[in-house]
Amino acid sequence: MTDSLPIIQQRLDNLREQMQSRRIDAYLVTNADPHNSEYSADHWLARKWVCGFTGSAGDLLVTHSGGGLWTDGRYFIQAIKQLEGTGIQLFRKRIAGTPTIAEHLADQLAANSRVGVDGRTINQIQFEELKAAFAAKNIELIITEDLVANIWQQRPARPTNPVFIHDMQYAGKSTGQKLADIRSLMLRDKVDQVLITAIDDVMWLMNIRGRDNAFFPGSEAYALLSQNTAKLFMDSKKLPAAVCKVLLQQGVSCWDYHELPDTLALLDTHKNLKYSAYSSNSLLVSRIHPGVTCIAGDTYAQRGKIVKNAIESEQLQLALKYDGTAIVQFMRWLDENVHSGEVTELSAERQLRSYRKALPNYICDSFSTIAGYAEHGAIMHYSATSNSNKIIGTDNYFLLDSGGQYLGGTTDITRTFSFCELSEQQKIDYTLVLKGVIRLTQTKFLKGTAGNNLDIMAPGALWQQCVDYKCGTGHGVGICLNVHEGPQNLSQSVKDNEPLVPGMTITVEPGVYREGEYGIRIENILQVVPVAENQFGVFYGFKTLTLAPIATNQIISDLLSKEEQLWLNDYHLRVAEELTPLLQPIDQQWLAGATQPI
């Protein structure tokens with residue numbers, strides 16, 4: 001827990017006092033910013049501050065006598081530990097029998113109760129779900145109360161770091177070209193105006209990047225488009241004159257961030273407006289003139305962003321190649337130092353970051369590194385602290401999941417290490433995880449196939465041993481943007497129905513997580529590529545973009561088919577060929593040994 005239990009209890013008590021004074025029976029607290037971003041600026045991390053749960057996903061419900069936290073399988077173990085003693089109950093999302101927040105409130109609250117939330121921190125989908133669930137009991141939903149602001153005395157300010165131009169050598173397409181593409185689609189769909197609210201969509205469209213967050217190079221902003229105008233709404237302190245000049249040359253005018261609500265209130269009622277209910281917050285949507293016909297759906301920038309153009313693909317591959325050299329340097333360092341007994345989770349994390357920082361075009365890490373030894377590896381999104389920091393020993397697995405933000409791309413890689421002979425079960429688990437990576441990577445599929453159709457290829461081998469992992473298998477990856485980019489995903493969820501098309505990037509990262517023992521995960525970034533077109537249709541497949549060795553010392557070769565062994569050997573041959581010229585002799589020698597065929 002980031003703060004002591006008495007501090008957390010005091011914050012919960014203070015919040016309940018605020019609820020009492022405003023006659024609010026339940027209050028919803030999230031970590032979301034007004035754009036429903038995965039990585040919010042510290043100012044918006046209210047849920048973390050109130051209850052102490054540090055996971056990146058989860059919503060807190062506080063009542064006068066208790067409350068609940070809703071999070072997914074990545075954080076069950078972590079949440080149980082961090083919520084201990086707070087009186088907050090864990091609700092396991094996506095597990096049969098677990099009610100949603102809306103269902104729980106509708107069931108537990110009396111008729112005519114009042115539920116509060118800062119409307120900027122829930123999206124329009126959540127708002128409509130709550131309203132629908134509350135109708136039968138006439139429960140009132142109040143979206144204008146930011147009660148946390150009244151008790152968070154040293155709340156971090158909203159960032160004012162300036163944005164910068166993401167150059168054409170990395171973007172591959174000008175803002176003017178992107179606007180023309182979107183306007184063509186608007187004409188096709190008879191859409192008059194488009195409101196773009198997702199930060200990464202706005203950054204991509206405007207070819208700018210920001211510094212609001214330690215891991216996500218974005219900046220709070222909106223874009224409002226018509227056939228004749230393109231308006232960017234952003235805090236004026238973040239917009240250098242040089243950036244405004246470049247944008248103006250591309251047909252974009254700059255407005256202050258806080259001018260958008262009034263602009264929406266004054267929209268022409270003869271023209272319709274399309275917006276994303278997922279990334280638009282409920283308070284902002286409430287400001288749209290009631291006479292405007294609203295269309296909820298895809299706002300075009302997202303679709304343009306997720307399919308990488310030729311230059312973006314080339315730059316991403318280059319970024320991953322350099323990132324691979326940092327991974328090789330780290331692996332060699334780890335091999336040479338772990339037996340000293342002085343390498344810890346945090347020192348390993350720092351060492352890898354030092355190698356990345358020396359690379360061309362490095363900006364920052366792409367997420368908080370997950371460096372978990374032994375039982376810590378079983379916590380899917382574990383983050384080492386000074387209190388939890390373990391020495392990396394030689395009698396268990398060490399899982400390290402990390403990534404970097406570069407001007408040319410975003411990286412995300414997981415490797416699992418061991419430094420002695422482990423148990424037969426551990427080696428079986430490791431081999432089956434690798435088998436899952438290879439099986440999905442080798443899959444060919446028909447055009448129109450979505451991520452939820454393909455997911456089984458990774459966990460299938462584990463299921464045969466009655467083992468599972470409580471998370472998706474993969475996610476999209478941005479270009480110097482969000483490391484978790486949607487809507488392309490690999491999971492069993494019916495919602496992950498976005499067809500995979502050439503140019504999309506996506507991770508594959510199956511795992512085994514034995515609570516209290518160890519965790520194993522292997523992760524590569526793949527790109528969808530065309531494979532064949534014949535009388536049966538159009539077929540796609542995957543190309544592995546990540547370049548880094550996969551540890552082979554714990555593999556049980558007999559569990560891999562000859563084809564799977566050949567894939568691994570061919571992959572390692574490619575890794576050696578592409579990375580060796582970029583490495584120093586000491587790392588070249590280590591890499592030659594690490595990529596020997598099995």
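Here is a short walk through some rings, a charged loop residue and a helix.

Before you click, note that this is a predicted model, where local features need pLDDT of at least 70, side-chain atom pairs count only at pLDDT 80 or more, and totals for chains, interfaces and linings use all residues. Residues are numbered from 1 along each chain as its sequence is written, and side-chain values use heavy atoms, with hydrogens and water left out.

**Stop 1: the rings**

Select Trp 567 and Tyr 571. Their ring centres are 5.2 Å apart and their planes are at 5°, so this pair is stacked. The rule pairs rings of Phe, Tyr and Trp (its six-membered ring) if their centres lie within 6.5 Å, and calls planes under 30 degrees apart stacked, over 60 edge-to-face and the rest tilted. By that rule, the count is 15 aromatic pairs.

Both residues sit in helix H18 (residues 562–579), 4 residues apart, which puts about one helical turn between them. Helices here are DSSP runs (H or I, at least four residues), as are strands (E, at least two), numbered from the N terminus. Trp 567 is buried at 15% relative accessible area, and Tyr 571 is buried too, at 4%. Buried means under 20% relative accessible area, exposed over 50% and partly exposed in between (1.4 Å probe, protein chains only).

Next, pick Phe 330, Trp 333, Phe 398 and Phe 417: ring pairs link them into a cluster.

**Stop 2: charges over rings**

Show Arg 92 with Phe 76; the arginine lies over the ring face, 5.4 Å from the ring centre. Then try Arg 155, which lies over the face of Trp 44 at 5.9 Å from the ring centre. The test asks for NZ of Lys or CZ of Arg within 6 Å of the ring centre and within 35 degrees of the ring normal.

**Stop 3: Asp 72**

Go to the loop between strand S3 (67–71) and helix H3 (76–83), where you'll find Asp 72. Is Asp 72 buried or exposed? Buried, with a relative accessible area of 7%. Leaving out residues up to four places away in sequence, Asp 72 touches Ala 57, Lys 93 and Arg 94 (contact means heavy atoms within 4.5 Å).

**Stop 4: helix H19**

Finally, select residues 585–594, helix H19, and colour Asp 587, Trp 590, Leu 591 and Ala 594, which are buried. Down the axis of H19, these buried residues fall within an arc of 100°, so they line one face of the helix; the arc uses the directions from the helix axis to the C-beta atoms. They pack against helix H13 (310–337) and H18. On the other side of H19, Pro 585 and Gln 589 are exposed.
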